[in-house]
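Welcome! Please take a look at the sequence and structure shown here before reading on.

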Amino acid sequence: MQLIFEKSVKGRRGFRFGTCDVPVKAQVPVKYARKDDAPLPEVSELDAVRHYTHLSQQNFSIDTHFYPLGSCTMKYNPKFTETIARLAGFTDLHPLLPQLASGEKLTQGALQVLYELEQWMCEITGFCAFTLQPLAGAHGELTGIMLMAAYHKAKGNTKKKYVIIPDSAHGTNPASAAVAGYETISIPSNKDGGMDLEALKSAISNEVAGLMMTVPSTYGVFESNIEEIARLIHSVDGIMYYDGANLNAVLGRFRPGDVGFDVMHINTHKTFTTPHGGGGPGAGPVGVNAKLEKFLPISRVIKKPDGTYALNYDYPDSIGYIASFYGNFALLVRAYAYMLMLGQEGLQQTTDHAVLNANYIMTKLKKHYKLCFDRLCMHETVFCAAFQAQRGVRAIDVAKFLIDQKIHPPTVYFPISVPEAIMIEPTETESKQTMDHFIQKMIEADELSKTNPLAFKEFPKTMPISRPDEVKAARDVKTSYFR
Ligand SMILES: *Cc1c(COP(=O)(O)O)cnc(C)c1O
């Protein structure tokens, strides 16, 4: 494809500035002023529109392709929630408005949305309070670990040094614990994909601050010993952290707050809709039980006896501010609208379909690909390309094959403890026909690995770039035409 600079023709214009009709007060100091013209492409509006439209068509997106990227919940986000988030009553609010004397009155609607969303999240998870402020899942984890640290500090317990994390946890869990100043202890998994309880018992000591568990784990399976694990952690006054990024696996079926967890986060951008990927935007609300409530960040939304809403900053034990203003408000509005639209029954169906779809794919593909754990899965299923690798075809080769079939590849090489992992999350929004097409293509890849394994080395054939050096592509990004 031609770059936009290569389309440049001297003197071609796509815009015209009007004459400046306001007095120019400030001049750029001479030493900062540009001496030569900026090297910009000289193109027409049409050239620019075509250039960017073509660029956008080289991407995969939910609106254009099936996107079974495990752990990321790349589901279809209804346009309805986009419309609600764009209502002027929300978008025109200035973030400093609630600080003004008259502001509280003008922001009642927005505060009500936040207040009710917190209440609903409490009901869904079994916790007693939420903060909506964290700006991503990992930020929610950090906030949760800071609450854990505040709890131990308030009790004068200075010995707490370790956070225990099973090897099936999401990669952000150990990172968040480390950023918050803890050392981590990794616990291996047993043959069913659960935590090895003997290894856990030998890691328990008075220096354990808590445990972080991703449920369902990154193996896509549900931990069946939660109550025993909670008992062990609580016996040394540790805090139980639930990574609920993928709440679409358990909505209406299971509440972490009921079985011994003390704190959790939710990824609203995964479970409660917001288009995401490529680094944002996100929202990672954190829920707590009574043990941790007084440490929650400020501000908090309260409902006054007269039924009006207000922001309250008066929490002396709070860990303080963790985000500017009130979190990613527009994402929270989307989550609110989505919950309101689906209701209790609809949210439960979301989970039922997410789990059913993943099990459908698991059942159909397990004759062709090696299953990581042969048991019912939750919202995602983890295979590995062990059979194919014996024929010289690796997980990455299957992924590149799928790109030519116009299917976004599943997550590969994660979880890292599974060699040649292929982690598939169809999500609840895909139809049986779409999944059948995907299953068919996965079977074709397996067949081709038997008849012509060398063919895979050329995939993808349909993309402008075929096989970049993935490390170099991520670390040495070329963002400028001029070097
Ligand atoms: C996506 C995810 C995270 C991280 O969330 P971000 O919003 O990307 O920071 C954490 N844990 C699990 C299980 C996830 O799937």
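Predicted model: local features only at pLDDT ≥ 70, side-chain atom pairs only at ≥ 80, totals over all residues.

Residues are numbered from 1 along each chain as its sequence is written, and side-chain values use heavy atoms, with hydrogens and water left out.

**Domains**

- The protein is divided into domain 1 (4-57), domain 2 (79-340) and domain 3 (352-475), with bounds that come from an automatic or database domain assignment.
- Taken over C-alpha atoms, the centres of domain 2 and domain 3 are 31 Å apart.

**Where domain 2 meets domain 3**

- In contact here (heavy atoms within 4.5 Å) are 20 residues of domain 2 and 19 residues of domain 3.
- About 1,500 Å² is buried between domain 2 and domain 3, and carbon and sulfur atoms give 53% of that area; buried area is the accessible area (1.4 Å probe) that two parts lose on being put together, summed over both.
- Thr 218, Tyr 219 and Asn 248 supply 36% of the area that domain 2 buries against domain 3, more than any other three residues.
- One salt bridge is counted between domain 2 and domain 3, a salt bridge being a side-chain nitrogen of Lys or Arg within 4 Å of a carboxyl oxygen of Asp or Glu.
- The side of domain 2 that touches domain 3 has seven nonpolar, nine polar and four charged residues. Here Ala, Val, Leu, Ile, Met, Phe, Trp, Tyr, Cys and Pro count as nonpolar, Asp, Glu, Lys and Arg as charged, and the others, Gly among them, as polar.

**A four-stranded sheet**

- Four strands form an open sheet in the order E10-E11-E13-E12, with antiparallel pairing. Strands are DSSP runs (E, at least two residues), as are helices (H or I, at least four), numbered from the N terminus, and two strands pair if DSSP finds at least two bridges between them.
- Strand E10 (370-371) and strand E12 (411-412) are at the edges with a single partner strand each, so one side of each has no neighbour in the sheet.
- E12 and strand E13 (residues 421-424) run antiparallel and are joined by two bridges; Thr 411 stands opposite Met 423 in E13.

**Salt bridges**

- The whole structure holds 28 salt bridges.
- One pairs Asp 352 with Arg 253, the closest N and O atoms being 2.8 Å apart.
- Asp 446 forms another with Arg 391, where the closest N and O atoms are 3.0 Å apart. Asp 446 lies in helix H14 (residues 432-451) and Arg 391 in the loop between helix H12 (386-389) and helix H13 (395-404), so the pair links parts 55 residues apart in sequence.
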